[in-house]
Amino acid sequence: MTLTETATTTWHSTWRTRTAFWWMALSALAIAVFAPLPYAVNSLADLAAQEQPLATNYAGRSSAVQLAFYLHIACGGLALLLSPLQFATRLRLRSLTAHRAVGRVVLVAIALSGLAGLVLAPHNAAGPVGTAGFGLLALLWLGFAATAFRVIRRRDVTAHRRWMVRTFALTYAAVTLRLWLGVLTTVQIGVWGVDGDTAFERAYLLVPFLSWVPNLLVAEWYLAVRRRAVPDPLTRSVAAP
Ligand code: HEM
């Protein structure tokens, strides 16, 4: 697409895109705060004593794995909390310096959380399916974020935006994982009368892939629909690929 073609088309922000943005920003904020919170105020041993299944999994692990666990949730929470701000056009236009600074924090947080996620994947509570699903998610998360950084270093704003949309689709897996777990356990308990522990174990076998594959498909669909639009005035200074 040439610069002229890019500049003659416009992306209309509709109530649907605004609602989607606010839903994602607020759900990301909620999970970024409430998912790591129990681990910030209780030790893994205390949570394991209360039979919290994931804490039980990590309470007896080596200090290296436990360190990876805390690094993962702290940095993952930070990436999830800050990422929506980076998509707000008004904030980006107001201060590009702030956008760059927050962007670097997000990328470092993803690098640390993703590497720690790779350490955790073989120890996860879902077994081999979790190692594959969470492991692949971590690799793609690191790869997409690194690509987004590489392309913006050569000032390709359009490609940067597209890779950051894909990166956020994976960051948002922290939200969708918990939504899927809630839906799948509730349906099993409510419809089939399955007991709570069994319902959770079964649901947990699905979420290592279910938490992120649909997110990525939605992101690709969104990018395809938006391909001809002008993302924001900043992109007008750069020729699109
Ligand atoms: C997108 C790439 C991510 C990968 C590959 C990943 C991977 C993992 C893995 C393997 C575990 C251990 C699960 C188990 O033992 O069964 C875990 C747990 C956890 N992760 Fe992530 N994660 C990602 C993103 C995030 C983000 C963005 C957050 C931000 C809140 C987050 C927060 C947590 C928390 C709080 C836990 C502890 C389990 C819980 O209480 O729900 N993760 N993650």
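**Figure 1. Overall make-up of the protein chain.** The protein chain of this predicted model contains 13 helices and zero strands. Read from the N terminus, its elements follow the order α-α-α-α-α-α-α-α-α-α-α-α-α. Of the 241 residues in the protein chain, 27% are buried. Where contacts join residues at least 6 apart in sequence, 71% of them link residues at least 24 apart.

**Figure 2. Residues around the ligand.** The ligand is surrounded by 27 residues, the closest being Gly-76, Gly-117, Asn-124, Ala-125 and Ala-174. Two or more residues of this shell come from each of helix 2 (15-34), helix 5 (53-59), helix 6, helix 8, helix 9, helix 10 and helix 11. Helix 6 makes the greatest contribution to the shell, with six residues. By class, the shell around the ligand holds 19 nonpolar and eight polar residues, and no charged ones.

**Figure 3. Helix 6 and its buried residues.** The buried residues of helix 6 are Ala-68, Phe-69, His-72, Ile-73, Cys-75, Gly-76, Gly-77, Ala-79, Leu-80, Ser-83 and Pro-84. Of these, Gly-76 is also among the residues closest to the ligand. Packing against the buried residues of helix 6 are helix 2, helix 3 (37-41), helix 5, helix 8, helix 10 and helix 11.

**Figure 4. The crossing of helix 6 and helix 8.** The axes of helix 6 and helix 8 (residues 96-120) come within 7 Å and cross at roughly 145 degrees. The crossing of these two helices is left-handed. The contact of helix 6 with helix 8 comprises 18 nonpolar and eight polar residues, with no charged residues.

**Figure 5. Helix 10 and the elements that cover it.** Because 11 of its 15 residues are buried, helix 10 is largely enclosed by the rest of the structure. The buried residues are His-160, Arg-161, Arg-162, Trp-163, Met-164, Arg-166, Thr-167, Phe-168, Ala-169, Leu-170 and Thr-171. The elements covering them include helix 6 (63-87), helix 9 (128-153), helix 11 (173-192) and helix 13 (213-226).

**Figure 6. Two loop residues with a positive phi.** Most residues other than glycine have a negative phi. Glu-51, although not a glycine, has a positive phi of about 60 degrees. Glu-51 lies in the loop between helix 4 (44-49) and helix 5, and counts as exposed because it has 9 C-beta neighbours inside 10 Å. Arg-155, likewise not a glycine, has a positive phi of about 65 degrees. The loop between helix 9 and helix 10 holds Arg-155, which counts as exposed with 11 C-beta neighbours inside 10 Å.

Figure 7. Leu-139 is part of helix 9. With 14 other C-beta atoms within 10 Å, Leu-139 is partly exposed, since a residue counts as buried at 20 or more and as exposed at 12 or fewer. Leu-139 and Gly-114 are 25 residues apart along the chain, and their C-alpha atoms are separated by 7.4 Å.

Methods:
Residues are numbered from 1 along each chain as its sequence is written. This is a predicted model: local features need pLDDT of at least 70, side-chain atom pairs count only at pLDDT 80 or more; totals for chains, interfaces and linings use all residues. Helices (H or I, at least four residues) and strands (E, at least two) are DSSP runs, numbered from the N terminus. Two residues are in contact if their C-beta atoms, placed from the backbone, lie within 7 Å. Axes are lines fitted to C-alpha atoms, for helices over the stretch in contact, and angles run from 0 to 180 degrees between N-to-C directions. A crossing is left-handed if the near helix is turned anticlockwise from the far one by less than a right angle, and right-handed if clockwise. Ala, Val, Leu, Ile, Met, Phe, Trp, Tyr, Cys and Pro count as nonpolar, Asp, Glu, Lys and Arg as charged, and the others, Gly among them, as polar. A residue is near a molecule or strand if its C-beta atom, placed from the backbone, lies within 6 Å of it.
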